[in-house]
Amino acid sequence: MCDTKSNSSNVREGILVGCGNPLLDISATVPMHFLERYGMKEDDAILAEERHMPIYRELAEDYQAEYLAGGSVQNSLRIAQWIIGQPNVAVFFGCVGKDKFADILREKARAAGVDAHYQVSEDTPTGTCAVLITGTHRSLCANLAAANKFTIDHLEEPENRHRIENALYYYISGFFLTVNPPSIMRVAATAHAKQRPFLMNLSAPFISQYFMTPLLDVMPYVDIIFGNEAEAHAFATAQGWPADNDLREIGKRLVALNKLNTGRPRIAILTQGCDPVLLIQHDSVQEFPVTRLTVDEIVDTNGAGDAFVGGFLSQFVQGKSLDVCIRCGNYAAGHIIKNPGCTYSGSPEFVE
């Protein structure tokens, strides 16, 4: 057995490119009446309405708020960087505002080792996610704001085009389908032309429910598709697949969807909470057990999915086998669950 960090020197900078919605997580412990004042409940996860907008300023000014570079893809890249232990392996693209929150986001991304190259919206504030802690409960209120303003022009800038062409691995979340599908298609086409792996995440049930057309447009380029049980079932329902399909059958149908590069058959990796992770290739299904945690070990399950992908990517870009990648994904998710939000503590302890 060997520590993964011993291999980090074999990974060059810029090998992994990710595109997503950069959000500054603003986390603070608040009293129950704070939630009630904004019409929120414990463990809510909502998109901000106009009445919620003062939350972010209040947390910054009146509470001991902590800041973290957030958003699904950026979370995954942070975790990958933590495990690899070498900065600037991962490059991230997304859109932020021209404000102090963007400055904090840059600082936090840099501290995590992520090489972030943000597009800047002059007239829209940086996207934020309020993480409201009440005891063991965490309520989320996200305001995408500038994250919605990303355009393909940013990827067409010569330096960014070079960064994309220089990468060997590409990861984009389904969430980005709500922002700028042309950018996704551009990255996917580059990956296909260069015969390099393109990985994607189903991200949330509503993506399959409301954004199936752009999802199906990019699916022929997808070499590895991630998803959890709810997301896979939502995709199956939207496709009109038999309602009694179990997760294994859904996975087999996912990998059988049309694919441009037939020389690299699609792989589906589906998580099921504390039940085994499923690896579906061709007609085969492998199970990878998840270490069950005791109730008192579980601090926060938010971010476990992002962490799983981050752990997977940390090994995948080092050329490790899929079983090692998945085991590292499980390790990362288990570690994150023991910490508040999508945060880590100490040095990674994953061993092959």
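A polar contact here is a pair of N or O atoms within 3.5 Å; within protein, one must be able to donate a hydrogen and the other to accept it, and residues adjacent in sequence count only if both atoms are side-chain atoms. Keep in mind that this is a predicted model, where local features need pLDDT of at least 70, side-chain atom pairs count only at pLDDT 80 or more, and totals for chains, interfaces and linings use all residues. Residues are numbered from 1 along each chain as its sequence is written, and side-chain values use heavy atoms, with hydrogens and water left out.

Let's start with serine 139. A polar atom of its side chain lies 3.0 Å from the backbone oxygen of lysine 41. Contact means heavy atoms within 4.5 Å; leaving aside neighbours within four places in sequence, the residues in contact with serine 139 include Leu35, Met40, Asp44 and Val131.

Now for glutamate 58. Again not counting residues up to four places away in sequence, glutamate 58 touches Phe34, Arg37, Tyr38 and Tyr63.

Here are both residues side by side. Buried means under 20% relative accessible area (exposed is over 50%, partly exposed in between; 1.4 Å probe, protein chains only). Helices (H or I, at least four residues) and strands (E, at least two) are DSSP runs, numbered from the N terminus.

Last stop: helix H10 (residues 229-239), with Phe235 among its buried residues. Asparagine 228 caps the N-terminal end of H10, with a side-chain oxygen 3.2 Å from the backbone nitrogen of alanine 230. After H10 comes glycine 240, with a positive phi near 75°.
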